[in-house]
Amino acid sequence: MSIKISFTASQRPEAQEALQRLSRQYGQYSEEEAEVIVALGGDGSMLNAMRRRFDDRKPVYGMNRGTVGFLMNDYVEDKLVERLNKAEKAMLVPLRMVATDVHGEHFERLAINEVSLFRETAQSAKLRIRVDGNERMTELTCDGIMVATPAGSTAYNLSAHGPILPIGANLLALTPVSAFRPRRWRGALLRHDARVEFEIVEPNRRPVSAAADNQEVRDIAKVTVTEDRSKPLTMLFDPGHALDERILREQFSF
């Protein structure tokens, strides 16, 4: 069964070359006309392609023409339509970040992997944390903190020694980055529907930025993070290489 495909690629030379070859072989439709989006590049390209799907919810199938490619399938040019027809689906639910800066301006962004906060200067960040309206930590001194989805738990969250979450676990990882006080705090596992609020202590003296994936807002005073189930996304994987299997394998990697 034929499929209308829209290919999108990063600026890497190997991704652009693949774009030209695959477009000639399978045709190229606009993203509006296409039934499926094929992203060529690395995980960043996949996230960018996914982010454009919040409104039309078309499935995205990635092929690795980048470096890590955890979210990507192997790059194989032959039998692409057959692979797309047999692909397994992974449903992802993004996080909604609502940030207020020190001037009172509000910003809303969606994140597929994580919402993260970072200190902007040599001064450590000081954060107050509330979960579902209850204060859980009066003051955390750290370089930063993040709320990660299961899909994002193997990305920056894992580098910060956060837990790997299976797809479908209905959990979020709350993971500090270089926590100084309390020194032994390693984070928390939260229900997927938790409402997490961060209040910046001394935001002018200790400026903090917030990012939904790679979408940054600087000089924030407050951030609220919630799951947004009105914007589900669909990723496609070759049979036997689905995202839940990759995450499971990652837990046994050394």
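The legends below describe close-up views of a predicted model. Local features are given where pLDDT is at least 70 and side-chain atom pairs where pLDDT is 80 or more, while totals for chains, interfaces and linings use all residues. Residues are numbered from 1 along each chain as its sequence is written, and side-chain values use heavy atoms, with hydrogens and water left out.

**View A. The aromatic pair F118 and Y156.** The ring centres of F118 and Y156 are 5.8 Å apart and the planes stand at 50 degrees, so the pair is tilted; planes under 30 degrees apart count as stacked, over 60 as edge-to-face and the rest as tilted. F118 belongs to strand β7 (residues 114–119) and Y156 to helix α4 (residues 156–159), so that the pair links distant parts of the chain, 38 residues apart. Helices (H or I, at least four residues) and strands (E, at least two) are DSSP runs, numbered from the N terminus. F118 is partly exposed at a relative accessible area of 25%, as is Y156 at 33%. Buried means under 20% relative accessible area, exposed over 50%, and partly exposed in between (1.4 Å probe, protein chains only).

View B. R181, R183, R184 and R186 gather in a surface patch of positive charge. Such a patch is made of residues with over 30% relative accessible area and no salt bridge, like charges being joined within 9 Å. Lys and Arg count as positive and Asp and Glu as negative, with His and the chain ends not counted; the place of a charge is NZ of Lys, CZ of Arg, CG of Asp or CD of Glu. R183 lies in the loop between β11 (171–177) and β12 (188–191) and is partly exposed, with a relative accessible area of 47%. P182 lies in the loop between β11 and β12 as well, and the peptide bond leading from R181 to P182 is cis, with omega near -10 degrees.

**View C. Salt bridges.** The structure holds 24 salt bridges (a side-chain nitrogen of Lys or Arg within 4 Å of a carboxyl oxygen of Asp or Glu). One of them joins E135 to R128, with the closest N and O atoms 4.0 Å apart; E135 is partly exposed at 41%, whereas R128 counts as buried at 19%. In the salt bridge of R195 with E197 the closest N and O atoms are 3.9 Å apart. R195 is partly exposed at 40% and E197 is buried at 11%. E202 pairs with R205 at 3.2 Å between the closest N and O atoms, and E202 is partly exposed at 32%. E31, R52, R53 and D56 are linked in a network of salt bridges.

**View D. Helix α2.** Helix α2 (residues 43–51) is mostly covered, with 7 of its 9 residues buried. These are D43, S45, M46, L47, A49, M50 and R51.

View E. K79, not a glycine, has a positive phi of about 55 degrees. K79 sits in the loop between β3 (60–64) and α3 (80–86) and is exposed, with a relative accessible area of 59%. D219, also not a glycine, has a positive phi of about 55 degrees. D219 is placed in the loop between β15 (215–217) and β16 (220–227) and is partly exposed at 32%.

Technical notes: Patches are made of residues with over 30% relative accessible area and no salt bridge: like charges are joined within 9 Å, nonpolar side chains (Val, Leu, Ile, Met, Phe, Trp, Tyr) within 5 Å. Accessible areas come from the Shrake-Rupley method with a 1.4 Å probe; for residues, only the protein chains shown count as cover. Rings of Phe, Tyr and Trp (its six-membered ring) pair if their centres lie within 6.5 Å; planes under 30 degrees apart count as stacked, over 60 as edge-to-face and the rest as tilted.
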